[in-house]
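Subject: Handing over the two-chain model

Hi there,

Here is the structure I promised to pass on to you. Please have a look at it, and then read on for my notes.

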Number of protein chains: 2
Amino acid sequence: MDFRSGGHVYGLHRVIEPEGSLPQAAQRLDNETGAYDNEIVIDVHTLNVDSASFHQIVGEVGRDEVAVAQRIRSIVAERGKMQNPVTGSGGMLLGEVRALGPNYEGPVEVNVGDKIATLVSLTLTPLDLDSVDKVYLDADQVDVTGTAYLWPSSPLVRMPDDMPERLALSALDVCGAPAQTKRLVEGAERVLVLGMGKSGMICAAAARDAMGDAGLVCGFDLRDDNLVAMKEAGIVDDYRCGNAKNPVEVLELAQEMASGELFDVVINTCNVSDTEMAAILPCKDRGKVYFFNMATSFAKAALGCEGVGKDVDLLIGNGYAHGHAQMTLDLVRKFDVVRERIEALLEA
Amino acid sequence: MDFRSGGHVYGLHRVIEPEGSLPQAAQRLDNETGAYDNEIVIDVHTLNVDSASFHQIVGEVGRDEVAVAQRIRSIVAERGKMQNPVTGSGGMLLGEVRALGPNYEGPVEVNVGDKIATLVSLTLTPLDLDSVDKVYLDADQVDVTGTAYLWPSSPLVRMPDDMPERLALSALDVCGAPAQTKRLVEGAERVLVLGMGKSGMICAAAARDAMGDAGLVCGFDLRDDNLVAMKEAGIVDDYRCGNAKNPVEVLELAQEMASGELFDVVINTCNVSDTEMAAILPCKDRGKVYFFNMATSFAKAALGCEGVGKDVDLLIGNGYAHGHAQMTLDLVRKFDVVRERIEALLEA
């Protein structure tokens, strides 16, 4: 394989417009030029689309595999990357190392032929799709044939050999959240997790793992299926069901679970908009609210919190944290129920 | 004055649509019904419009006092509150207490006739405008005749008598930022403030006040007017000028000021969009990035940070913090240059 020179450390060489922006902010990336010498080239097998993005696409085109596939192809054709123009979010991918540029010095040692997953968002990954081969409507995943390129500042991980690829990929997609949950719950007595889908379950497991049996871990979701299983397994102590778009109701139900008290840490993993206040109201004075929900509005969180006069720290869910991939895989290995429920989502 | 019963602690009684939402999230508030018995009624004299909002309105209708006044009247007529439909942000107001409901138990003691400022956003303040009387294009302020209503969870402050009202109001509008800056810089050696307008100057002063002379406080802005004055006064040690929409350039200039190092804390007070990465790139590993910029995109910050593999804490600028009003007024009293530069903006 021939490699071009001139690749930039932050991938600026792949930006078509606007000029000078970083790849994530770009309207359009160059997905046609062959590999640069500081890049890794990946044969892409599966895209794990961000939940908010997938949800939006299904809402737009309907629950139809062919229509979802077409929409994904059109987004990638237009932007050179799988970045949902409405939600702004991406996801991650699974593939196999096709080639390594001579100047690629990546974060982990990989060789040609290794199965890898990218831990960097699809919003900044130059992607060239030949075809979308299968859509998994309940797993937010699509199997594809295509090529992706990445530079050294982009985290990736060699796939573990003790669990199915699809399971590992699905868990790794949200691995920033449990790593930060572990830090946030240090010293906390009460933690509330809003949304008990994949990231909610892994965050609850991270909280339980860090806090031990003494900590109160509570869950909230529209549906109770995962919550029942999480309570039976002892990961959450209690839960309630309701609509997180109704913050006053969430506050009342949360206080029921905490004997009338508020929570030290609230983690919002809902994948819908207008749930900012549902996370803020149940948080105690000087507590921490962690938003790992791509549908979060910055302004709604900032102004809404001021509007109810609450002095709490509001944290944006950074998708990267040191050791996040390993920690997430370890949680899936340790808590059988989390593994089983994620597998159930994948098989649905 | 007659008062109605049935007022809700979080102001739900003023929400017209969508039903059940909190006032900030509401599309439209009831600004026509008279006072409830848990409300304070305010004769409104001045609106201090959020900088991003004012900037957007001027961009839309042009630098024309009559057109800006008309746009503000139309927004308030449509929504029952001064919430910019594009930026989602509001501002605050200055006025005089007209009446106190018998069940109003507010955060500070006020009496009828007191001059007060609201410390809660205009995005959730029911506002009925009779007229817009004067527009101050360079101060983001308008003098008006109108009525506002607030319930007890909404912070407000009695105006200080040792400084002009317009100055106090302008400073109080951003008082969440310096209070949180003071907490964030604890233990920090190097702080970078992006944007050196009103909130940037007060944040830099808060950082200097908390860190003393040993700390390195650096500034960055498109223009150098405030930066020169802040450096002469010893509040910032060094500064650079440039466009914060170009993150790689900001990184290079920031490193120049810190002898090639990165910053423990970066505070983004720019009032324009696409400046998330300019704050993230100069921040050191495990440092803190504080966004006090209403044009911040949640998704761009979260995904952009992941995209460059940086493990930093990303904080949403909460507009409320305990003691924020007093602390901000004290900074304006202590640092003459900050007072002078804010007054210069108001007189322009």
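In which loop does Pro18(A) lie? Pro18(A) is in the loop between strand E1 (15–17) and strand E2 (28–29) of chain A; helices (H or I, at least four residues) and strands (E, at least two) are DSSP runs, numbered from the N terminus. The peptide bond that leads from Glu17(A) to Pro18(A) is cis, with omega near -10°. In chain B, Glu17(B) and Pro18(B) are likewise joined by a cis peptide bond, with omega about -10°, and Pro18(B) lies in the loop between strand E1 (15–17) and strand E2 (28–29) of that chain.

Some ground rules before the rest. This is a predicted model, in which local features need pLDDT of at least 70 and side-chain atom pairs count only at pLDDT 80 or more, while totals for chains, interfaces and linings use all residues. Residues are numbered from 1 along each chain as its sequence is written, chains are lettered from A and ligands numbered from 1 in the order in which they are written, and side-chain values use heavy atoms, with hydrogens and water left out.

How the two copies are related

Strand E14 (residues 313–316) of chain A and E14(B) run antiparallel and are joined by three bridges; strands pair if DSSP finds at least two bridges between them.

The interface

How many residues does each chain bring to the contact? Chain B gives 56 residues and chain A gives 56 residues, where contact means heavy atoms within 4.5 Å. About 4,500 Å² is buried between the chains, 64% of it from carbon and sulfur atoms; this is the accessible area (1.4 Å probe) that two parts lose on being put together, summed over both. Phe298(B), Glu306(B) and Ile316(B) supply 17% of the area that chain B buries against chain A, more than any other three residues.

Between chain B and chain A, 14 residue pairs are in polar contact, both at pLDDT 80 or more. A polar contact is a pair of N or O atoms within 3.5 Å; within protein, one must be able to donate a hydrogen and the other to accept it, and residues adjacent in sequence count only if both atoms are side-chain atoms. On the side of chain B that touches chain A, H9(B) gives the largest share, 10 residues.

Two salt bridges cross the interface (a side-chain nitrogen of Lys or Arg within 4 Å of a carboxyl oxygen of Asp or Glu). Asp311(A) forms a salt bridge with Arg183(B), where the closest N and O atoms are 2.6 Å apart.

Within the chains

Over all chains the count is 48 salt bridges. In one of them, Arg166(A) pairs with Asp143(A), the closest N and O atoms being 3.5 Å apart. Arg166(A) lies in helix H3 (residues 165–172) and Asp143(A) in strand E7 of chain A, so the pair ties together parts that are 23 residues apart in sequence.

Strand E7 (residues 141–150) of chain A runs antiparallel to strand E6 (residues 127–136) of chain A, with eight bridges joining the two. Ser131(A) stands opposite Thr145(A) in E7(A). The hairpin of E6(A) and E7(A) has four residues between the strands, and Asp140(A) takes a positive phi near 55° there.

Happy exploring!
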